[in-house]
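Here is a short report on charged side chains and their partners. Look over the sequence and the structure first.

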Amino acid sequence: MTPGRVALIRLQIILNAMTNAPTLSVALLREAAERAGSRTLERLGQVRALLGEEMAAVDCELARLTRDGVSPATDSAIHLLEAGGKRVRPLTVLLSAACFDAPSPAARELAVAAELVHLATLLHDDVIDDGQERRGRPTPRRLWGNAVSVLAGDLLLTHALERTAAVAAPRVLTDLFTTLRRLVDGEVVQLRGRTLLDASEETYFRIVEDKTASLFAWAARSGAISAGAPAEAANVLGEFGGRLGVAFQLVDDLLDYAGDARATGKAVLADLTEGKLTLPLIRALAEVPNLVEEVQAARCGNPAAAAHVAETVRSSGVCDGVRALALEETARAAASLHALEPSTARDLLVAIARELASRVS
């Protein structure tokens, strides 16, 4: 029996052991989350074992393309790439393709493009947010300056567009243009919040759907299209990807208050001090309206106010509610895949979604 076949059987055993447990009580949500951090990385590692050749090709191409350009823009891009990451977006492309056929060279190129776009947005976001640390390392903007970081992001975007145009159907490239527009729109709406305090959940979810979910949706949809999936099936994958992205961002925002900086690689309260109103804070403000003065002080750089806001958010119980919402969105994402034919790839997409929604880092 080949090593690949053994890996596949082991993965299937794990998946078969997973059951649709009844809805967890709020009291158990935190306990479930606290156990999930290492499992997330383990599951992603197992998927990589199944898609070893494809992911190795993606990683090699990412390493090559971040070096394809002029220094110091390439130095900035290399620094960010080497800081690591879960590579969830490339995996989404490849597994979406594998729901219909073995991932093709075109699927691998689209997986590369998805991660390049993500890396570019990180480089740009750190400039916009005056970010100091990412994945436990100084941000590229701190080492090479804002101008270089912006140009490095632009460089990666050009690579992503070139790769997509070279291998994909025109509708995939058009879809990517639309996605990039949504990424920009979401960033602009979030930036407006620095001067106009908008504590509405409607605004929050618009930002999440544009800045995060849209790229996940494109990754899933483009992977399916690369494998010849019919339009209806590709749209199903797009819906899955969008819901996965919303759940992913909900957990990210939750960890800004309830996470461990050593595990997340991101300074706790970074969102608050950068002026971002995320769902845990929005819901805490709804319960404690007079907290708004402390929020304003924290946004102006007052560390004592930031600590008080964080403690209020944690003690209010809203973090459990946000975790529950992430799990609900994940359940909807999984349910959307019922329209597809059963396959190992489909089951792995569901498994990854569930692990990401339960992660603590």
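## What counts as a salt bridge

A salt bridge is a side-chain nitrogen of Lys or Arg within 4 Å of a carboxyl oxygen of Asp or Glu. Side chains of opposite charge can pair when their charged atoms come close. The model shown here is predicted. It holds 23 salt bridges.

## Arg163 and Glu109

Arg163 and Glu109 form one of these salt bridges, with N and O 2.9 Å apart. The two residues sit in distant parts of the chain, 54 residues apart. Arg163 belongs to helix α9, residues 146-167. Glu109 belongs to helix α7, residues 105-128.

Is Glu109 buried or exposed? Its relative accessibility is 18%, so Glu109 counts as buried; the cut-off for buried is under 20%. The pair is also part of a network of salt bridges. Glu61 and Arg64 are linked in that network along with Glu109 and Arg163.

## Arg134 and Asp126

Another salt bridge joins Arg134 to Asp126. Their closest N and O atoms are 2.8 Å apart.

## Glu201 and Arg283

Glu201 and Arg283 also meet through their side chains in a salt bridge, at 3.0 Å from N to O. Glu201 lies in helix α11, residues 201-226, and Arg283 lies in helix α15, residues 279-287. The pair therefore ties together parts of the sequence that are 82 residues apart.

## Arg87, a buried arginine in a loop

Where does Arg87 lie? Arg87 is found in the loop between α5 (73-82) and α6 (88-98). Its relative accessibility is 9%, so Arg87 counts as buried.

Which partners does the side chain of Arg87 reach? One is the backbone oxygen of Leu81, at 3.4 Å. Another is the side chain of Glu115, joined to the side chain of Arg87 by a polar contact of 3.3 Å.

Notes: Residues numbered from 1 in each chain as written. Predicted model: local features only at pLDDT ≥ 70, side-chain atom pairs only at ≥ 80, totals over all residues. Heavy atoms only, no water. Helix = DSSP H or I, 4+ residues; strand = E, 2+ residues; numbered from the N terminus. Buried < 20%, exposed > 50% of the residue type's maximum accessible area, 1.4 Å probe, protein only. Polar contact = N/O pair within 3.5 Å; in protein donor to acceptor, adjacent residues only side chain to side chain.
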